[in-house]
Amino acid sequence: MNGLTFDIAHLLAGSLVLISFMMLYQDRLFALINVFALHAVVLALSVAWQAYIQDAHHLYITAGIALVFKAIVIPVGLHRIIQRLGIHRDIETAVGIGPTMLAGIGLVTLSMVLMLRVTPEADPLAREDLAFALSIILLGLLVMVTRRNAVSQVVGFMSLENGLVLAATGAKGMPLVVEISVAFSILIAFIVIGVFLFRIRERFDSVDIGALDDYRGERR
Amino acid sequence: MNSTVALLLCGPAAFLATAIVAAAASRLAAATRLVYGATLVISAVLLATAAGHLAGNPGEASASLPLGVPWTGARFRLDGLSAFFLVVVNLGGTITSLYGLGYGRHESQPHRVLPFYPAFLAGMNLVVLANDAFSFLLSWEFMSLASWALVMAHHRDEANRRAGYIYLVMASFGTMALLLAFGLLAGPAGTYAFDAMRAAHPNPFAAGAVLVLMLLGAGSKAGLVPLHAWLPLAHPAAPSHVSALMSGIMTKVAIYGFVRVVFDLLGEPAWWSGVAVLLIGGVTAVLGILHALMEKDLKRLLAYSTIENIGVIFASLGLALAFKANGMPSAAALAFTAALFHVLNHSFFKSLLFFGAGAVLTATGERDMEKLGGLIHRLPVTSFVFLIGCVSISALPPFNGFASEWLVFQAILRSPELPQWGLKVIVPAVGGMLALSAALAAACFVKAFGITFLGRARSAAVERAHEVDRWSLAAMAVLAALCLLAGILPGFVIDSLSTVTLPLVGERMPVQMAQPWLSIVPIAESRSSYNGLLVFVFITISASLAAFFIHRFASHALRRGIAWGCGFPDAVPAGQYTAVSFAQPIRRVFGGFAFRSRETVDMPAPGALEPARLKVEMHDVAWEIFYQPITGAIDFATERLNHLQFLTIRRYLTLVFLYLVILLLVLALWP
């Protein structure tokens, strides 16, 4: 593998981590979804690049799925949901931006240290990809943890799944059926969560999951 | 599949079928007779089969059924050890069923007893036959659960519910220990068949861990101190014939489990394993009988006495381990035979005594000895057979208890030949503890018999008591006869046990039936020998002669005198010796360390009219040292963790996230 292909793959995966960081400090829902769409576009590029350098044509399909569903269908769907729910002005501040960013830096460091330590004899590209993928997964979890709104938790979950796809494509020889099934399960999860969002909204007049806790009679 | 094993496996199946029929028909009037009749027949068939195998000595036979874990199946095997324990289980089952034919008719809620009784017997049979860890544990749990259901038969009583709860907790604890022990034996390859475990040799650390786990697992079921706490609660809570099964037979199944793993599967023992088992056995024996002495509830007294006998058996097994580890197979065979002989004997006399307690309970409705007394006039046959049971368990010749305990002491006397100084010191010390417990056992059963059957009636219920039914009396008479027979023909039993000892310790005791005049000579004629028959004949002749002389030559003149002095000072039955007052001297000697007992006299001021009171305060030390801290810690932890049940969704997510990060950190920082 020559230096340029490696560098480009490295650049795309690094950009994904960077965009994950961008998600951490978005406090408006529309902005968050836009960043998520960008995340998906970069993921699609990264997967397509992997397909090119590994000469694995089925990965183009994965890239296409990522582009169509995650960069277009889901963000558009979420936009419409937000408009119908009328929560596009909501500002959510569960944890402050500064501590969240610091925690994110810590998580990326952790995943780098861990992955570079446990995979010394793997292919360098796969190593880097795995380390970035773990960072993205942890950052997605961090988004889920630090947000109150159900929609932004969905976005955090989706970006977590992007990390999984990146990990799967970085390793050579992952069967296509696995990726397709993962993609479809995400889609179904999206639909189910969307249906639930409306149900929650109908009942509680809010998609702030704190309302669920109030309903259970617990204090936050 | 071997036909003997197939027949033996049909037995549990027939028991389970009986249990199902019993569950369906338990409210019919004839159900009691039907169920106990069926179990009587099935147990007798199994007994005959197993005894035939033991006597015929055709070696091992195994079978496997396509049940249970895939690729392992359910394996069963019959060898000398399992045949012997099958004899113990099914002899007990047969006689208990005979007793149940009569006793069961007084049961107020037969539908709570009848379905579980055959299931319990099936479980015990299957444990003894199992030849892989899965079948063993499954049967063991089945046995525990069936006996738990029997303990809970009279669940309206608060004390019984508590006993059932503690029993359930201890049984699950024991099974967990067994599970871990089998996990260690199976090794990384996970071979759960006993044959594979036998072939593998675990490293010394794993072997030590297995021994400790077996002491916990089998020991908690058998009642080793300090795991005995459930036993004196649960055994008496069941109906009396089930108490006899639990105390006389189920504890023996636990011993079977211990012997099977430690002597058979574990391979060569280390010498210190003998020390551990010996010490635990000795302590169990002394503490068990001390508790029994303090007890005034007849059935609880018997349950505590079971703990003492288990201690004797374990001490003997420990001795066998020590001898085996030091390459002294003949001494190991002696100790091992003594242990197994005592297993058999204890199953006889403990069943007999529980039957007697059940008969007293049926006749008077009382278990508290302080309310009994003078029953020898009302229940002459019961009191006679109960006396035989008491004499046997007190290890008096010519009955069977003496023969086996004598063998135990013969084995202890060989301890100077052991090479390790630790063992040379510990074995005689344990011998001293066993001697102490034997003496205390005699005192305990003098008390049990004397307070219950002698003296004068302490309550009106005793005055109205009548002798129990013929079935019960027949069962007790059979057991009394077995006690006497095993006592005067110990050589026969010892020779039958040779097929058991030979594969497990590599040697057998010398043939005893070839000795002249039915003597038994465990080591050599010059060292020691015992002839039960001779003692029996001597006692019979001398007692008959004494009776003859007294009746022939004593004065027949009728004399009347005032009752005073050493007789009965006044006419109130409460003035007699009571169970508590009989035990007082022993409580004063041993109570300080064994029970942390304290006596306080509450003396009113001169001239005051209220009575003086003597208060005795006693503690169950094992309960306070071992159990209360554990329950306290669990309560504390659950109290603290309870609010985790009521977190918000985001906090649950955060917890999972933090946990993941911590795991990753551990992985990253691990050296």
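Reader: How many helices and how many strands are there in chain A?
Author: This is a predicted model: local features need pLDDT of at least 70, side-chain atom pairs count only at pLDDT 80 or more, and totals for chains, interfaces and linings use all residues. Residues are numbered from 1 along each chain as its sequence is written, while chains are lettered from A and ligands numbered from 1 in the order in which they are written. Helices (H or I, at least four residues) and strands (E, at least two) are DSSP runs numbered from the N terminus. From that end the elements of chain A run α-α-α-α-α-α-α-α, giving eight helices and zero strands.

Reader: What share of the residues in chain A is buried?
Author: A residue is buried if 20 or more other C-beta atoms, placed from the backbone, lie within 10 Å of its own; 12 or fewer make it exposed, and in between it is partly exposed. Chain A has 220 residues, and the buried share is 40%.

Reader: Is Leu38(A) buried, partly exposed or exposed?
Author: Leu38(A) sits in helix α2 (residues 29-54) of chain A. Its C-alpha atom is 23 Å from that of Leu4(A), 34 residues away along the chain. Because 17 other C-beta atoms lie within 10 Å, Leu38(A) is partly exposed.

Reader: Which helix gives the most to the side of chain A that touches chain B?
Author: Contact means that C-beta atoms, placed from the backbone, lie within 7 Å. Here 13 residues of chain A are in contact with 12 residues of chain B. The elements giving two or more residues to the chain A side are α4 (97-118), α5 (124-146) and α8 (210-215). With four residues, the top contributor is α4(A).

Reader: How many residues on that side of chain A are charged?
Author: Asp, Glu, Lys and Arg count as charged; Ala, Val, Leu, Ile, Met, Phe, Trp, Tyr, Cys and Pro as nonpolar; the others, Gly among them, as polar. The side of chain A that touches chain B has eight nonpolar residues and no polar ones. The charged number five.

Reader: How are α4(B) and α5(B) oriented to each other?
Author: Axes are lines fitted to C-alpha atoms, for helices over the stretch in contact, with angles of 0 to 180 degrees between N-to-C directions. Under 35 degrees is roughly parallel, over 145 roughly antiparallel, 65 to 115 roughly perpendicular, and the rest oblique. Helices α4 (residues 116-129) and α5 (residues 133-151) of chain B come within 8 Å and cross at roughly 155 degrees. Therefore α4(B) and α5(B) are roughly antiparallel.

Reader: How many residues of this contact are nonpolar?
Author: Among the contact residues are Phe120(B) of α4(B) and Trp140(B) of α5(B). Three residues of the contact are polar and no residue is charged. The nonpolar ones number 14.

Reader: What is the handedness of the crossing of α13(B) and α15(B)?
Author: Left-handed means that the near helix is turned anticlockwise from the far one by less than a right angle; right-handed means clockwise. The axes of α13 (residues 329-364) and α15 (residues 380-393) of chain B come within 9 Å and cross at roughly 145 degrees. Their contact includes Phe349(B) and Phe386(B). The crossing is left-handed.

Reader: What distance separates the centres of the two domains of chain B?
Author: The assignment, which is automatic or from a database, gives domain 1 (270-545) and domain 2 (621-669). Taken over C-alpha atoms, their centres are separated by 48 Å.

Methods
Contact = placed C-beta atoms within 7 Å.
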